[in-house]
Amino acid sequence: MSVERHQMHEEDVGAYLLRALSDVEHRRFEAHLEECPVCQDEVSRLRPAVNALPRSVYPMAPPSALKASLMAEVERDVRGREEAAGISHRPGASARVRRRLGGAFGSLRPTVAWVSASVVLLIGVVSGAAGLYALTDATGGEESSRSVVAQVDKTRVPFGSGSLLVPAGSREGTVLRVHGMPELESDSVYQVWVRRDGEVISQSLFHVGENGDGAAAVTEDLRDVDAVMVTRESAGGAKAPSEKPVLYVKL
Amino acid sequence: MSHTDDIESLADEEVMHLVRDGNPRAFELLYDRHGGAGFSLAYRMVGDRVTAEDISQEAFLSIWRSRHRYQADRGSVRTWVLGIVHHRAIDALRRNLVHDRRRSSAEGIEERHEAPERERTDVEAARREEAAHVRSALGELPDEQCRVIELAYFGGFSHSQIAEMLEMPIGTVKGRMRLGLDKLRKGLKEKVG
């Protein structure tokens, strides 16, 4: 990539992200982007600002007819797909799944996903104090992995969210995924902790990217762990949490 | 806990797993969570309820039909959904007369205020708080930077159209877009602390 070509495009970054380039310019910039690490970095750096723009709009309730019309179209799609695939209703496996998922899936037609319900379903979440429960896969009755949503301190990380994948049996480590977390200065780091019997044990340190996404290892066997937490600490980590958790996964 | 809660308590990313499997109930939940934000964005952009409904319907059908394209490592589900709504709204603005109508309107691209819905849930309250937070960061931008960003993002105008409207060189418009986004990014970061 030549310096001249970069200079020709470097002012386009903002207009590109805002979709203010013409179609031809947009395609040219994307072609340039593929070979220009400087512009790639700049796009990554500025993208969170563009992603925040739609969030500045105060929410309005859409008309209920919109949802009805949309779902009717989706149901038609599903029916058409099933008919094209020659799939008929098979009550066995899907019936078990329906019993477990109950009313929420009451109106579902049998889809490929249900027919192939021997695939373990990654379902089962608890939020807050609602309590933990697990779903089983549709064929073997074995406990499956589940994802637990983190509670977030919205005063400190207003756009943050996170979830912890808890493996079946909780006998092994896992990964905590976060989104929308603020990037920390270079002298700070996010630190993951688990709490077992009142003891808080450090797990790992992590940073998030420009888009606020990140992942961190939780190495501890999760049996008897009642919470996984994230705090902001000085680079290198701390021996004990220095603040209340910004993210908290109650198990 | 009711069975309905089973799926409703899933995180967006997990809901998307089900959507990708072709599960219409999961898609319905996705719409319940983000349909309001999508519709609000479309309405903010086009200033007309019927067109905003059309855009929302097109965008969500496109989400359903291209559900395999979602990549969790490239951003949150909400960002992906709103990005698709935004693209659809821009396409609509550029292919029809909405622009002309709005350009001649005193309303311009200013925010359209509707009586706010009653805040029924914590999520809705959090969304309003989030909106206030981003607006506050936008409000701290110099007017000329904020203006070009709003004209481009919410108005769907190209840089050359903006240059013509504001009677300034294209390079200046592009520069203000870039500087404004950079400042907005920093402002959001500072507010988060």
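A crossing of two helices is called left-handed if the near helix is turned anticlockwise from the far one by less than a right angle, and right-handed if clockwise. Keep that in mind for chain B, where α2(B) passes α3(B) in a left-handed crossing. This is a predicted model, so local features need pLDDT of at least 70 and side-chain atom pairs count only at pLDDT 80 or more, while totals for chains, interfaces and linings use all residues. Residues are numbered from 1 along each chain as its sequence is written, and chains are lettered from A in the order in which they are written.

Let's stay with those helices (DSSP runs of H or I, at least four residues; strands are runs of E, at least two). Helix α2 (residues 12–20) and helix α3 (residues 24–46) of chain B have axes 8 Å apart, at an angle of about 140°.

Now hop over to chain A and its strands. Five of the six residues of β3(A), residues 161–166, are buried, meaning 20 or more other C-beta atoms lie within 10 Å of their own. Strand β3(A) pairs with β1(A) in the antiparallel sense over four bridges (pairing takes at least two DSSP bridges). There, A:Arg146 stands opposite A:Val166. Four bridges also join β3(A) to β4(A), again antiparallel, and A:Leu164 faces A:Leu176.

Finally, how do the chains meet? 67 residues of chain A are in contact with 71 of chain B, with contact meaning C-beta atoms within 7 Å. Helix α5(A) gives the most to chain A's side, with ten residues.

Conventions
Two residues are in contact if their C-beta atoms, placed from the backbone, lie within 7 Å. A residue is buried if 20 or more other C-beta atoms lie within 10 Å of its own, exposed if 12 or fewer, and partly exposed in between; C-beta atoms are placed from the backbone. Axes are lines fitted to C-alpha atoms, for helices over the stretch in contact, and angles run from 0 to 180 degrees between N-to-C directions.
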